Amino acid sequence: MADKNLPMREALRLALQEEMRRDERIFIMGEEVGMWQGTHKVTRGFLEEFGEKRVRDTPIAEMGIGGLAVGAAMAGLRPVAEFMTINFAFLALDAIINHAAKVRYFFDGEFECPVVFRAATGWGDQATASHSHTPEPIFAHFPGLYVCSPADSADAYGLLKTSIRDNNPVLFTESIGLYRMPGAVPDNPDYTLPIGKGKVKNEGSDVTLIAYGRAVSWCLKAARELAKEGISAEVVDVRWLRPLDTDLIFESFRKTNRAVIVEESHQFYSFGSEVAAQIQENCFDYMDAPIKRVTQHDVPVPFSKPLEELTYPDHTDVIKAVKEIL
Amino acid sequence: MAKPTKEMLLDWYRQMTLIREFEETSHQLYFDKRITGVYMHLYSGHEAVAVGAMAHMEIGKDHIITAYRDHAQALIAGVDPNRIMAEMFGKKTGVSGGKGGSMHLASAAHNFWGGYAIVGGHLPLAAGIALEAQYNNTGAVVLSHVGDGATNNGYFHEALNFAGLWDLPVIWLIENNGYGMGTETERAAGNPLLHERAIGYDVKDFGRVDGQDVFKMYDVMGEAFEHCRNGGSALVEAITYRYRGHGVSDKQYDSRLAQELQDWKENKDPINILKKHLLEEYKTVNESDLQAIVDESRRIVDESVEYAENSPFPTTLEDLYSNVYTD
């Protein structure tokens with residue numbers, strides 16, 4: 001079947017729509033998901049198609065949204081709860097971490113919790129300090145929860161379906177910077193992707209660039225630029241922060257012997273920290289250079305445009321890091 | 001509300017004495033260091049609240065959820081006392097395989113959605129369970145216990161707002177025992193008439209009830225169930241008293257309030273109130289009948305302790321790692 005070309009927001013919308021048509025137990029809830037058509041328009045037209053029972057506008061009450069979704073999931077529904085942005089999910093940390101991630105364990109399997117928490121993640125447009133987080137590693141810290149963050153339209157489509165169909169709780173984040181980015185999407189309503197499996201998005205032999213979400217696009221751009229200079233960079237998109245595809249990371253590293261880990265968020269206790277530790281513990285004999293981390297500066301995100309731009313890395317920082325270890 | 005029958009009253013007496021025996025035995029076991037850990041919250045003194053409320057639950061249809069003071073709800077719901085006690089000991093045969101402990105008892109088979117350890121954390125879960133009942137039109141009602149302390153926390157207010165906004169069939173049963181840990185309700189709540197919090201959320205306010213009197217509990221809860229059965233949320237504030245500290249390790253509490261505690265025990269004990277009623281109302285019920293019920297409760301609890309002590313601990317990595325995720 002021919003692929004469709006869709007921006008990521010439309011790929012997400014299609015995945016959610018097809019899943020809701022497939023399974024009556026799925027409902028969505030969140031701030032502005034219905035009448036307003038979704039802040040990021042991922043749920044555009046859903047209220048008209050599915051009605052108020054399955055498309056539920058909520059009050060601005062993230063603790064309630066998070067906990068209510070957990071209870072409904074335990075009781076047999078399949079909620080897709082949207083946090084308008086991941087920043088607001090901080091208010092629901094207890095519901096996500098202490099309840100969604102743990103009810104199965106502390107009751108020793110008595111209940112399932114098949115909830116998906118969707119949230120827009122990332123920065124841009126001078127959103128300022130409290131609205132500019134990319135905090136997936138915080139959530140990935142805790143066992144019991146899966147954390148997924150797609151880097152392109154096809155993955156967004158398949159990974160969201162996978163997350164909805166799985167019986168474990170999933171935090172599913174969507175980079176604001178990718179919503180408009182077009183990409184091919186398979187014309188297959190049962191297109192799913194395995195949990196905890198990443199993908200090599202560009203093959204290479206000199207260095208491995210490891211990332212998730214929007215940072216993958218910086219890595220791909222860096223790889224293209226580096227190729228012009230005869231440097232061959234492999235790009236590993238982990239897709240899932242938990243479970244993390246360490247097999248794929250190690251396989252690539254053992255081939256290239258060098259790695260740069262790239263992420264939008266802070267460096268301190270980061271995705272890069274975990275991946276670097278995993279590599280040195282498991283691939284020490286293959287290391288030819290220190291592992292580099294490319295991240296944002298260690299400051300809250302400022303408003304002023306030049307300062308905001310200065311805060312974040314892009315493909316040029318990736319190229320610079322690669323050249324430092326070659 | 002139809003008057004409860006003699007058989008019902010005797011069953012309530014059985015439930016209340018079983019809870020009391022279970023809790024006081026657990027207390028002793030804790031101080032004998034046979035039950036370990038730091039968290040265990042006892043229900044002694046509160047018995048009439050849960051017994052009078054849960055008497056209205058339709059078995060296999062309605063739902064019960066509570067916080068960490070959860071032994072009584074498990075016992076009333078019909079969970080095997082042996083497996084409850086084994087959980088207190090952290091044994092593999094416990095209801096939660098030793099992974100939850102005293103605060104995390106649950107049984108899906110009994111529609112007992114468990115005890116939860118974060119103050120207020122279970123309240124939106126209760127609303128979510130009620131949403132499923134409404135979504136699938138099951139006619140079920142969710143009974144959610146909540147302590148007075150939790151009514152000051154954001155979870156309570158967000159959950160009540162959802163319940164009022166969406167007409168979710170959930171009863172919020174506040175157990176106001178006068179203290180959130182060691183802080184008096186009046187020192188924690190802007191308006192200490194906690195039931196009035198229902199009004200702001202269009203949840204039906206059933207006011208305050210004497211939580212020591214199982215008949216009064218039964219009557220008001222019957223009305224609350226009926227209200228929710230027709231679609232909507234209800235709130236009841238039961239005034240009660242706990243005979244032990246907030247948690248079993250809070251020892252100073254008992255001595256600080258010795259006089260107050262003695263007054264409640266002597267004049268407002270829920271088991272005595274029911275016993276007095278049974279003896280006065282029914283000539284066919286005598287002291288020895290009631291003592292036989294206490295003895296049977298004693299026997300069940302003794303047996304549960306024996307079962308728990310003879311059960312194995314979970315010890316393997318397989319035990320440790322099971323049920324983090326589902327396959």
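**Helix packing and the A–B contact**

Tutor: In this predicted model, helix H1 (residues 6–31) of chain B packs against H2(B) at an angle of about 140°, their axes being 10 Å apart.

Student: Why are H1(B) and H2(B) called oblique to each other?

Tutor: Roughly antiparallel requires an angle over 145 degrees, and roughly perpendicular covers 65 to 115. The angle here is about 140°, and H1(B) and H2(B) are therefore oblique. The crossing of H1(B) past H2(B) is right-handed.

Student: Which residues of H1(B) and H2(B) make the contact?

Tutor: H1(B) contributes Trp12(B), Gln15(B), Met16(B), Ile19(B) and Arg20(B), and H2(B) contributes Glu47(B), Ala48(B) and Val51(B). By class, the contact of H1(B) with H2(B) has five nonpolar, one polar and two charged residues.

Student: What makes H2(B) largely enclosed by the rest of the structure?

Tutor: A residue counts as buried if 20 or more other C-beta atoms lie within 10 Å of its own. Eight of the eight residues of H2(B), residues 47–54, are buried, so the helix is largely enclosed. Among them are Glu47(B), Gly52(B) and Met54(B).

Student: How do you know how H4(B) and H11(B) are oriented to each other?

Tutor: The axes of helix H4 (residues 81–88) and helix H11 (residues 287–310) of chain B come within 8 Å and cross at roughly 50°. Roughly parallel needs an angle under 35 degrees, and roughly perpendicular begins at 65. H4(B) and H11(B) are therefore oblique to each other, and their crossing is right-handed.

Student: What meets what between H4(B) and H11(B)?

Tutor: On the H4(B) side the residues include Pro81(B), Ile84(B) and Met85(B); on the H11(B) side they include Val301(B), Glu303(B) and Tyr307(B). The contact of H4(B) with H11(B) divides into 10 nonpolar, two polar and one charged residues.

Student: Where does the side of chain A that touches chain B come from?

Tutor: The contact between the chains takes 32 residues from chain A and 33 residues from chain B. H3 (62–74), H5 (93–100) and H6 (103–106) of chain A each supply at least two residues of chain A's side. H3(A) gives the largest share, nine residues. That side of chain A holds 16 nonpolar, 10 polar and six charged residues.

Student: How do you know that the length of H3(A) agrees with its number of residues?

Tutor: The expected span is 1.5 Å times one less than the number of residues. For the 13 residues of H3(A) this should be 18 Å, and the end C-alpha atoms are 18 Å apart, so the two agree. H3(A) is also mostly covered, with 13 of its 13 residues buried. Just after H3(A), Gly76(A) has a positive phi of about 120°.

Key:
Residues numbered from 1 in each chain as written. Chains lettered and ligands numbered in written order. Predicted model: local features only at pLDDT ≥ 70, side-chain atom pairs only at ≥ 80, totals over all residues. Contact = placed C-beta atoms within 7 Å. Helix = DSSP H or I, 4+ residues; strand = E, 2+ residues; numbered from the N terminus. Nonpolar A, V, L, I, M, F, W, Y, C, P; charged D, E, K, R; others polar. Axes fitted to C-alpha atoms, helices over the stretch in contact; angles between N-to-C directions. Left-handed = near helix turned anticlockwise from the far one by under 90°. Buried ≥ 20, exposed ≤ 12 C-beta atoms within 10 Å, placed from the backbone.
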